[in-house]
Amino acid sequence: MSEEKKMFTFLPPAFPGAIEWPGSPLGVSNVITGIKGRTELNDKDVDGKAGLLDKLLGSMDKHRAGHKEEEVFEHDVIIHGIRVRAVTNSRHLYDFWVGNWFSPEEWQKASGEPAEEVPRVMVYAFGGVAGEAIAAYYSRQHNTIIFFNTSYYGQLKSWVLGAVGRILAEEYGIHSIHGACAAMDGKGVLYIAPTGTGKSTASYGIMGGENTRFHSDDWVYVRYTYKTRSGLPVSPIAIKSDGQEARGYQVYRWLEANGHKHEVKVIARDLAGNQLNLTVGDLDITSPVEAYAYISEKVFYLRTNIVENFPETVFPLLTSKLENVPDVTPEFLAANRSSLDYLWETIRGRPEFKAAFGSDSREETEGKLARLFAFANARAMLDITNVFGPEEVFANPGEPVRLTTVMLLERDFEQDQVVNALSLRQFMARLLIGETPMHTREIAYNAYRAVDDGKEMAYIRQLEQELKGRDLNPQLYEIYQARKDVPPTLYQEFELFRVMHQAASCYELNTILQKDKKVANKREAVGQTIKLITKILQDKPAELALDINNYCEFLS
């Protein structure tokens, strides 16, 4: 038996081949999925394989024809203005899908913007499909996602976000980012990070300060704006000139090169989503570009192990729908005794304690707490207003926050560097490499992007080979710019990141303060990291380079 299995277990499936089943009770519900992460077969290049999409849709139709008694769920949602329809025979996927996103009616009521009438993205997720592997497929040409024989919601959510992101970038110049966001004194900070580097911890952490609001835990939409000559921030969508059109991500570079063409027509949107017909002359191209962030989710799909750093979240988590929360063994309880002692001492005096745990003994309470952080990919569908209160949370998908600061998070204990202010070429090089704590690669720290990952990774490896041992940061972006064969989706992404660097102060933060011998434990390291972030937000130093030996001087 592996060490992992000694620490926690899952109830077995109700029958062989089940894709989901009830786990041991906790919260409102606790669904166990047969696949608890990404499927081994992930094909985002369906369009490059003649006949594959028809074959996949045929397999689904054949299954439905042979299982007419099977319940099938269908539901439309609006994700930052884009209508997406999901069709599935998984009650769990349907349940989380409905909870996670705004329905068309909810979108229109919350944002004041009309909902699209026709779906732009179709999602099919069917289990029990004979002759098909456990797999996920994506067709960019047809905006179609197909999942077979898996009901793990995390992958479905991420692929849908990627597909919507492609439409938003190409048609509207809206940047879709795997990141977390919070606001302090009305100014937003965006954390871009691979899994496991402290993205959620950083965004939740600053909420202890005054005049803060929580924005996003996992995914953010960013619109870049110019000011009109009357001072109104507007996002350019399309520009038509000399029979040609610049649209979406293309408009920013066009305006930089052609700002003198005052009579050229510009289609734009204000921050409330109203479409405007302007000319280039109406825009103040000399004013700095600004960035505004919008929420994506109605209810957050997040990891339950957030309780380790933020114990107060245990109460709303225990009234949420859960996914893949395991049972724990005595070995796990013994190995995590200090964490459980801390959680117990922190929450037992809270007024919510009795309602959450009733007459449970300390042993029973700690057993429930342990289950929430035993498996790293256990998830909850959490209404964040139950954590901070409605007044401290952005809940309207049409309400923006001005982004003033961007932090690229990493966790590399082999380095002593803690914080650096990033030049454009440093910022872009870090995003091109996008290395996770496990030393795997995520372009732009984003595993969600609806792209052919293999082609883009191969292209970046070519860039690195051209460095021939030279320093990464000063050279990689220059090599990228000089090449004429950039994959189109990579070019789109980095055009938008180029504009982001103009719009906000950008830093790199290495979350390694546990290395500091003066820091007693992980919780203290988190506290020091939050202090560091808060001071950077307040001061926004143009030049900053701190390491493990001198960061305390900056704090003092």
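Modeller: A residue is called buried under 20% relative accessible area, exposed over 50%, and partly exposed in between, with a 1.4 Å probe and protein chains only. This is a predicted model, in which local features need pLDDT of at least 70, side-chain atom pairs count only at pLDDT 80 or more, and totals for chains, interfaces and linings use all residues. Residues are numbered from 1 along each chain as its sequence is written, and side-chain values use heavy atoms, with hydrogens and water left out.

Colleague: Is Asn-324 buried or exposed?

Modeller: Asn-324 counts as buried because its relative accessible area is 0%. For its place, helices (H or I, at least four residues) and strands (E, at least two) are DSSP runs numbered from the N terminus. Asn-324 sits in the loop that joins strand 21 (321–323) to strand 22 (327–328). Its phi is near 60 degrees, which is positive although Asn-324 is not a glycine.

Colleague: Which other residue has a positive phi although it is not a glycine?

Modeller: Lys-540 does, at about 45 degrees. This residue is in the loop between helix 18 and strand 27 (545–547). Lys-540 has a relative accessible area of 26%, so it is partly exposed. A glycine case is Gly-434, which comes just after helix 14 and takes a positive phi of about 50 degrees. Helix 14 itself covers residues 424–433, and its buried residues are Phe-427, Met-428, Ala-429, Leu-431, Leu-432 and Ile-433.

Colleague: What is Phe-10 in contact with, leaving aside its neighbours within four places in sequence?

Modeller: Contact means heavy atoms within 4.5 Å. With those neighbours left aside, Phe-10 contacts Ile-32, Lys-36, Asn-324, Val-325, Pro-326 and Phe-375. The list includes Asn-324, the loop residue between strands 21 and 22. Phe-10 is itself in a loop, the one between strand 1 (8–9) and strand 2 (20–22). With a relative accessible area of 24%, Phe-10 is partly exposed. For a distance across the chain, take Ile-479: it is 469 residues from Phe-10 along the chain, and their C-alpha atoms are separated by 49 Å.

Colleague: Where is Phe-147, and which residues does it touch?

Modeller: Phe-147 belongs to strand 9 (residues 144–148). Beyond four places away in sequence, Phe-147 touches Tyr-124, Ala-125, Phe-126, Ala-135, Ala-136, Gln-155, Leu-156 and Trp-159. Its relative accessibility is 2%, so Phe-147 counts as buried.

Colleague: Which loop holds Asp-218, and is it buried or exposed?

Modeller: The loop of Asp-218 runs between strand 12 (212–216) and strand 13 (219–228). Asp-218 is buried, with a relative accessible area of 7%. Not counting residues up to four places away, it touches Lys-157, Ile-177, His-178, Gly-179, Lys-199, Glu-297 and Tyr-448.

Colleague: How many helices and strands does the chain have, and what is its radius of gyration?

Modeller: The chain has 19 helices and 27 strands. The radius of gyration is taken over C-alpha atoms, and the globule rule is 2.2 Å times the number of residues to the power 0.38. For 556 residues a compact globule would come near 24 Å, and the chain agrees because it has 24 Å. Its C-alpha trace spans about 75 × 70 × 50 Å along the principal axes. Of the 556 residues, 58% count as buried. Among contacts between residues at least 6 apart in sequence, 73% join residues at least 24 apart.
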